[in-house]
Amino acid sequence: MREQASENVVLDRGVFGKVRSGSWDYWLFHQHDDGLRSAGRLSRDLFEVRGTVSGFAIALSTPKVQNRRMIPDKRYDDSLRRTLTAAGGIEDMIMVGKEASQHSGGMSQALLHFRACSKLMARGVSYRLRRMSGRPALPRSLTVTITRRCNSRCIMCNIWRLRRNHEELALDEITRFLSSPSFRDLVELDLTGGEPFLRADLPVLVDRICTLKETDLGSLKTLALATNGLVPQRIHGVVRNILFSINGRFDLALVCSLDGIGECHDAVRGVPGAYPKVRETIERLKELTTIGLPFRLGIKTTILPCNWEQIPNLMQFADEQGLFHVLSPVLFTAQRFRNLEQQPQLDLLANYSSQLIQLYSSDQLADCYYSRVVVDTLKSRGRTVLCSAGLDHFFVEGDGRIFPCPLVSIPLGDIRTTRPEELLLSDERSSAAGMAGSFDECKWCLEPGCVRFSQATEGFAFLRFIVGRRGAKRFRREYYDEGLFKYF
């Protein structure tokens, strides 16, 4: 028995319980069937979990199970039907399927893997030639600090201590900077803070970005936001409005800070009662993952000496809740976090280096490219992978100054006075791009965004990661689960 769910999605209600989207097959199980206790418990040799909805686990089948009979579950409730028939679909389920189909053109996994390796080789050569020659490239990623106001008092960050943190870039200043042909290849735009949701005109800013999608930001695939989750009702309302404003033009990725369970999180954030608030925010936002618009929800944990023992619990929480998880050792910067004075008390490298290596080498994390960078950096006593900061990604501070990245404190211009075209052709940018990875701040850089932004541009390091015995599995995880397909 078949039900046509939409033009591109066919719901097979026979024995396999299968959903076809483009050229990919998705299998639906009830999470509590035998052997499927939760989405994260699926055998990764057989299935790649894509998310959960209405009590179902959704997985992309690998070649090993194309002909395997699975236990059907016919409880297709209204919420699941709405999700499957939505025009945009949920990114973790339908949107990833559509994008993968469009980018692969129906290619086999092996051919897609081979083509990605070929592109990485070409990009690696191009990247190195541009570094040597100083030639610019069009930005692929950009991070903009839209406010430095913050309602947290985090022990590892001093942004909230800034005397003039109430000063913000005006909407027109941000919009004017983004209204440039130089951003026609921009794939990811991150809006950060401070606490971005303290900015009352955030929905207006997103409306303007949506308008620019039709002109100067034609390649934009992802808008990313971060929050400390301390104002649940406001965050839920703003995100809901933003999702309907975006309406599938690009996907929204939102990460909530969660640095411990209970009082541990409160202590890290310096706010009593912070933990129940962020939990409420997560629960409210999870409701929005079922409305049929492309929305990815995750948590970010800053690893510190005081929350080290709770990291396994946080990983389990993210797994059970179906959230992506950014797990980052604490960073120390003179410019971004202004927390160098806290380094003697909070630095992990002196006493936790071997434990960090063990953590990021675990079965749960070993097939993630970021984990490989962390392990190699710790073992080599310094960063070994080159970076594309100042070449195809930039960081804008709350006062308008433009930097190669959040760590390097060398200003390249100001969005109030420097046009993007001038930035890309400047000697300052050329010099910074050529030195990226060699600055003192780069030695221990484990900033997740910088690693992600660089991996498809630098090319060679990621290429080495996805070849060999486990290469195909690693490639699938990065390409689909980590969303790297948008950079190809």
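**Cysteines and a helix contact**

I looked up Cys157 first: its sulfur lies 6.0 Å from the closest cysteine sulfur, in Cys154, which is too far for a bond. I searched the whole structure for disulfides and found zero, a disulfide being a pair of cysteine sulfur atoms within 2.5 Å. I note that this is a predicted model, in which local features need pLDDT of at least 70 and side-chain atom pairs count only at pLDDT 80 or more, while totals for chains, interfaces and linings use all residues. Residues are numbered from 1 along each chain as its sequence is written, and side-chain values use heavy atoms, with hydrogens and water left out.

I then checked burial (buried is under 20% relative accessible area, exposed over 50%, partly exposed in between; 1.4 Å probe, protein chains only). Cys157 is buried at 12%, and Cys117 counts as buried at 15%.

Next I examined helix 3 (residues 109–133) and helix 17 (residues 471–481), which pack at about 80° with axes 11 Å apart. Helices are DSSP runs of H or I, at least four residues, numbered from the N terminus. Axes are lines fitted to C-alpha atoms over the stretch in contact, and angles run from 0 to 180 degrees between N-to-C directions. Helix 3 is therefore roughly perpendicular to helix 17 (65 to 115 degrees).

I recorded the contacts (heavy atoms within 4.5 Å): Gln109, Leu112, His113 and Ala116 in helix 3 meet Gly471, Ala472, Phe475, Arg476, Tyr479 and Tyr480 in helix 17.

Finally, I read the pLDDT, the predictor's confidence in each residue from 0 to 100. The chain mean is 81, and 77% of residues reach 70 or more.

Key
Helices (H or I, at least four residues) and strands (E, at least two) are DSSP runs, numbered from the N terminus. Angles under 35 degrees count as roughly parallel, over 145 as roughly antiparallel, 65 to 115 as roughly perpendicular and the rest as oblique.
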